[in-house]
Amino acid sequence: MSNRSLLRNLSLAAVALCALTGTALATPSTQIWIPSTDVQAFKTVHLNVDSYIRTSNNPDGTRSNPLYVIGPTFGVSPFEKVQAEVGFDLMYSGATATGPDGNTVNLDSNPLYGHAKIGTPEDALFKGSPALAAGIYNAGTRRKVTDQNIAYAEAAKTIPVLGRISAGWFVGNSYLLNDAQGNNDASGVLLSWDRTMTEISDKLWLGVDYQGTKSAMGALSFGASWAFAKNVSVILGYDIYNSKATGGQNTATVQVDINFP
């Protein structure tokens, strides 16, 4: 689906979500959680306003704060067959993390994350060719605290009736992306299915995506979007984290996407 702004770089995709470990996600054009092969059109300014709200308490009875993400993505390539976007997000959750010096860092004091992507649409290389995209996201400004620096590459193909299938691979900062035992888990698969439900309405879109890691970035997400206008849509979704120890309790997400002009 075009113009999905994902937590969700020359950083790629980081949707933004604070986990119990204090990590976050900055959003390029996304599906629900992972990056998509969609790229913002030249001279388009895309604004995403995303929220992630925990649906359960933590084991100790507390509930983690919501995460709020807002930021623009700019379409910067004038070429039809080679497209590109860059952008940034501000993320706020009240979460903290432990810095490399052992001190506690308030992540809200380092809220800026960058992302960027380059890609080609379907049929651009030859008749029947898949869409291709590569980028980076969650490019934070605090070394060994917010710099997840997740790079990825993806391919996507639309199959008549079935919808669009996407697959790819990501790799991030091994210092930050670890499983509950502290072992490196900074790479994995990206998978998604999405479809505009034209049988019901051209305004309705459904999607499911998966990021394969036991770090805070690993999740299975699904949701629906409704286009209220040609340039305004809202996603309602749900995120199930692969590891509660790193990703925290599941979240409900509301993502508002607006394009200018």
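This is a predicted model: local features need pLDDT of at least 70, side-chain atom pairs count only at pLDDT 80 or more; totals for chains, interfaces and linings use all residues.
Glu199 counts as exposed, at 56% relative accessibility (exposed means over 50% relative accessible area, buried under 20%, partly exposed in between, with a 1.4 Å probe and protein chains only). Its salt-bridge partner is Arg195, with 2.5 Å from N to O; a salt bridge here is a side-chain nitrogen of Lys or Arg within 4 Å of a carboxyl oxygen of Asp or Glu. Arg195 itself counts as buried, at 14% relative accessibility.

Residues are numbered from 1 along each chain as its sequence is written, and side-chain values use heavy atoms, leaving out hydrogens and water.

The chain has one helix and 14 strands (DSSP runs numbered from the N terminus: H or I of at least four residues for helices, E of at least two for strands). Twelve strands close into a barrel with antiparallel pairing, in the order S1-S2-S3-S6-S7-S8-S9-S10-S11-S12-S13-S14; two strands pair if DSSP finds at least two bridges between them.

Four salt bridges are found in the whole structure. Arg164 meets Asp38 at 2.9 Å, N to O. Arg164 lies in strand S9 and Asp38 in the segment before strand S1, so this pair ties together parts 126 residues apart in sequence. Arg164 also meets Asp194 at 2.9 Å, N to O, a link to strand S10 across 30 residues.
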